[in-house]
Amino acid sequence: RAYRNITPKRSEEAFPTGRETPPDPAHPVTPPNIHPADLSYPAPLPRSAIKGRHQGHNMAALTHRFIRALDYAREAHGEQRRKGSEVTYLAHLLGVAALVLEHGGNEDQAIAGLLHDVVEDCGREHEQRIREDFGPIVVAIVMDCTDGVAEDKAATPDWQRLLDWQRRKLAYLAHLDTASDATLLVSGCDKLHNAHAIFGDLDDP
């Protein structure tokens with residue numbers, strides 16, 4: 001409803017066919033050297049983690065805490081931009097919080113959506129500040145959504161970063177097996193918003 005069905009543009013360099021017209025969108029082409037059997041996809045979120053208006057849940061009431069969290073995220077992330085763009089990173093955080101609310105999340109989950117990248121991108125010291133300012137539920141979700149901290153990433157040599165990224169992501173996926181429903185909703189909304197941005201980049205490189 002809110003998203004377009006997007007088929008990535010065909011690259012003449014990657015697919016040298018000599019045709020001037022694009023391929024039929026109904027028959028997408030798999031890029032060379034990538035076999036569909038080699039692709040893996042995360043398992044869908046359990047139904048217990050996807051609660052929303054479509055299941056009759058009421059929209060969460062937002063208080064001054066949400067406004068304070070938004071201001072906290074704005075100050076913490078500062079001038080950060082989404083990778084490969086000039087879009088303020090705050091747009092992603094607002095998008096995640098909006099998806100959380102659309103799927104029936106409460107205020108704590110929406111606040112965690114705003115703050116889910118603060119420790120990972122801005123530093124370990126934010127964990128205690130979030131605990132003090134927004135409580136144990138919010139900080140638990142934020143830390144559940146954190147697969148590394150800014151200090152550790154900065155200390156990783158360039159040659160090791162790809163391996164470190166793979167290790168962190170695999171550990172994060174394994175961790176989700178035991179994560180709470182509250183965390184799964186926020187994490188799922190984060191990945192959904194990221195996927196939407198990626199498809200947008202493919203549609204308009």
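**Entry 1: a pair within α5**

I started with Arg-131 and Glu-127, which sit four residues apart in helix α5 and are therefore separated by about one helical turn. I am working on a predicted model here. The two residues form a salt bridge, with 3.3 Å between the closest N and O atoms. I then looked up their accessibility: Arg-131 is partly exposed at 35%, and Glu-127 is partly exposed too, at 24%.

**Entry 2: the buried side of α5**

Next I asked which residues of α5 are buried. I found His-126, Ile-130 and Phe-134, in a helix that runs over residues 126–134. They span an arc of only 40° around the axis, so they lie on the same side of α5. A reminder to myself: an α-helix has 3.6 residues a turn, so residues three or four places apart point the same way. I checked what these buried residues pack against and noted α1 (64–77), α3 (107–115), α4 (118–122) and α6 (136–144).

**Entry 3: α5 against α6**

I looked at what follows α5 and found Gly-135, with a positive phi near 100°. For the packing of α5 and α6, I noted an angle of about 145° and axes 7 Å apart. On the α5 side, the contact uses Glu-127, Ile-130, Arg-131 and Phe-134; α6 brings Pro-136, Val-138, Val-139, Val-142 and Met-143. Sorted by class, this contact has seven nonpolar residues, two charged ones and no polar ones.

**Entry 4: His-116**

I moved to the loop between α3 and α4, where His-116 is placed. Is His-116 buried or exposed? With a relative accessibility of 1%, below the 20% cut-off, His-116 counts as buried. I looked for contacts beyond four places in sequence and found several, including His-92, Leu-93, Val-142 and Asp-190. Its C-alpha atom is 9.2 Å from that of Ala-73, a residue 43 places away along the chain. The His-116 side chain also makes polar contacts with the side chains of Asp-117, at 3.1 Å, and Asp-190, at 3.3 Å.

**Entry 5: following Asp-190**

I stayed with Asp-190, which is buried at 5% relative accessibility. Its side chain meets that of Lys-191 in a salt bridge of 3.5 Å, N to O. Lys-191 is partly exposed, at 38%.

**Entry 6: the other salt bridges**

How many salt bridges does the whole structure hold? My search gave eight. One of them joins the side chains of Arg-65 and Glu-107 at 3.3 Å, N to O. Arg-65 belongs to α1 and Glu-107 to α3, so this pair ties together parts 42 residues apart in sequence. Glu-107 is buried, at 11%. I also noted that a network of salt bridges links Arg-65, Glu-107 and Asp-108.

Methods: Residues numbered from 1 in each chain as written. Predicted model: local features only at pLDDT ≥ 70, side-chain atom pairs only at ≥ 80, totals over all residues. Heavy atoms only, no water. Buried < 20%, exposed > 50% of the residue type's maximum accessible area, 1.4 Å probe, protein only. Helix = DSSP H or I, 4+ residues; strand = E, 2+ residues; numbered from the N terminus. Arc of directions from axis to C-beta. Contact = heavy atoms within 4.5 Å. Axes fitted to C-alpha atoms, helices over the stretch in contact; angles between N-to-C directions. Nonpolar A, V, L, I, M, F, W, Y, C, P; charged D, E, K, R; others polar. Polar contact = N/O pair within 3.5 Å; in protein donor to acceptor, adjacent residues only side chain to side chain. Salt bridge = Lys/Arg side-chain N within 4 Å of Asp/Glu carboxyl O.
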